[in-house]
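Student: I would like to learn how to read a protein structure, one feature at a time. Can we go through this one together?

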Amino acid sequence: MPKLRSTKCYEFDACVIYVQCIYASMCFMQRSETMSAVKAILNKPVAEEEIKLLHFIQEQARRDAEIALARRKCIELEESIRDYHDREEKLMEQSTVLKEEIRRLERSRSRETANLEYLKNIILHYMCSDAVGKDHMINAIATVLQFSPHEVLLIKQHQSGWWTST
């Protein structure tokens, strides 16, 4: 249970509040009137009910300030959560794109390996075949290596001396 303050403390708090009210109204009164009003308030006895009321008003103001602070913190945390969700969503999209790119590159590499293996087999058959088989193999090699029609024509023109010499 919290310690209760003495009656004199409450009287002092009440006087401070009254003085603050009077000070705020000093702009509208003349100095002599203000001084007499302050003296009258300070000399006025404060009732027990007023002290309790002032105490409850102060406690309510403190609670209101705590609630306002908690609400501001809650709003800030909600904004942070939204930012983290947006960032997470962007990172998930980026992850999906990168995974698909990795799969595409792996497929491409496996195709390149298969094409290289195929080309090796075609060259091997070309070197081991007779003159009739070499004509067919030249077409296969030109297709795999994507020769232009002009390059294919050059190969066929020089075929007898270029590939067949031993």
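Student: Is Cys 128 buried or exposed?

Tutor: This is a predicted model, and every value here is computed from it. An exposed residue has over 50% relative accessible area. Cys 128 has 63%, so it is exposed.

Student: How does Cys 74 count?

Tutor: Cys 74 has a relative accessibility of 37%, so it counts as partly exposed.

Student: How many disulfides does the structure hold?

Tutor: A disulfide needs a pair of cysteine sulfur atoms within 2.5 Å. The structure holds 0 disulfides.

Student: What does the secondary structure come to?

Tutor: The protein has 6 helices and 0 strands. Along the sequence, the pattern reads α-α-α-α-α-α.

Student: Which elements have the lowest and the highest mean pLDDT?

Tutor: First, the general idea. Where pLDDT is low, the predicted coordinates should not be read in detail. In this protein, helix α1, residues 7–25, has the lowest mean pLDDT among the elements, 56, while α3 has the highest, 88. The average over the protein is 76, and 68% of the residues score at least 70.

Student: What share of the residues count as buried?

Tutor: Buried means under 20% relative accessible area. Of the 166 residues of the protein, 13% count as buried. The protein exposes about 14200 Å², and carbon and sulfur atoms supply 61% of that area.

Student: Which residues make up the largest nonpolar core?

Tutor: The largest one here has 6 residues: Leu 119, Ile 122, Tyr 126, Ile 138, Ile 141 and Ile 155. Helices α3 (48–128) and α4 (131–144) each supply at least two residues of this core. The largest share, 3 residues, comes from α3.

Student: Can we take one member of the core? Where is the place of Ile 141?

Tutor: Ile 141 sits in helix α4. Its relative accessible area is 5%, so Ile 141 is buried.

Student: Which residues does Ile 141 touch, not counting residues up to four places away in sequence?

Tutor: Ile 141 touches Leu 119, Ile 122, Ile 123 and Tyr 126. Take Ile 122 as an example: Ile 141 and Ile 122 are 19 residues apart along the chain, and their C-alpha atoms are separated by 6.7 Å.

Student: What share of contacts join residues at least 24 apart?

Tutor: The count takes contacts between residues at least 6 apart in sequence, and 48% of these join residues at least 24 apart.

Student: Now the charged side chains. How many salt bridges does a search of the whole structure find?

Tutor: The general idea is that side chains of opposite charge can pair when their charged atoms come close. A search of the whole structure finds 6 salt bridges. One of them joins the side chains of Glu 59 and Arg 62, with 2.8 Å from N to O.

Student: Where do Glu 59 and Arg 62 lie?

Tutor: Both are in helix α3, and being 3 residues apart, they are separated by about one helical turn. Glu 59 is partly exposed at 22% relative accessibility, and Arg 62 is partly exposed at 38%.

Student: What separates the closest N and O atoms of Glu 100 and Arg 103?

Tutor: In that salt bridge the closest N and O atoms are 3.3 Å apart. Glu 100 and Arg 103 both lie in helix α3, 3 residues apart, about one turn of the helix. Glu 100 is partly exposed with a relative accessible area of 39%, and Arg 103 is partly exposed with 41%.

Student: How do the side chains of Glu 117 and Lys 120 meet?

Tutor: They meet in a salt bridge, 3.5 Å from N to O. Glu 117 and Lys 120 are 3 residues apart in helix α3, so about one helical turn separates them. Glu 117 counts as partly exposed at 41% relative accessibility, as does Lys 120 at 48%.

Student: Which residues do salt bridges that share partners join into one network?

Tutor: The network consists of Glu 59, Arg 62 and Glu 66.

Methods:
Residues are numbered from 1 along each chain as its sequence is written. This is a predicted model: local features need pLDDT of at least 70, side-chain atom pairs count only at pLDDT 80 or more; totals for chains, interfaces and linings use all residues. Side-chain values use heavy atoms; hydrogens and water are left out. A nonpolar core is a set of buried Ala, Val, Leu, Ile, Met, Phe, Trp, Tyr and Cys residues joined through side-chain atoms within 4.5 Å. Buried means under 20% relative accessible area, exposed over 50%, partly exposed in between (1.4 Å probe, protein chains only). Helices (H or I, at least four residues) and strands (E, at least two) are DSSP runs, numbered from the N terminus. Contact means heavy atoms within 4.5 Å. Accessible areas come from the Shrake-Rupley method with a 1.4 Å probe; for residues, only the protein chains shown count as cover. pLDDT is the predictor's confidence in each residue, from 0 to 100. A salt bridge is a side-chain nitrogen of Lys or Arg within 4 Å of a carboxyl oxygen of Asp or Glu.
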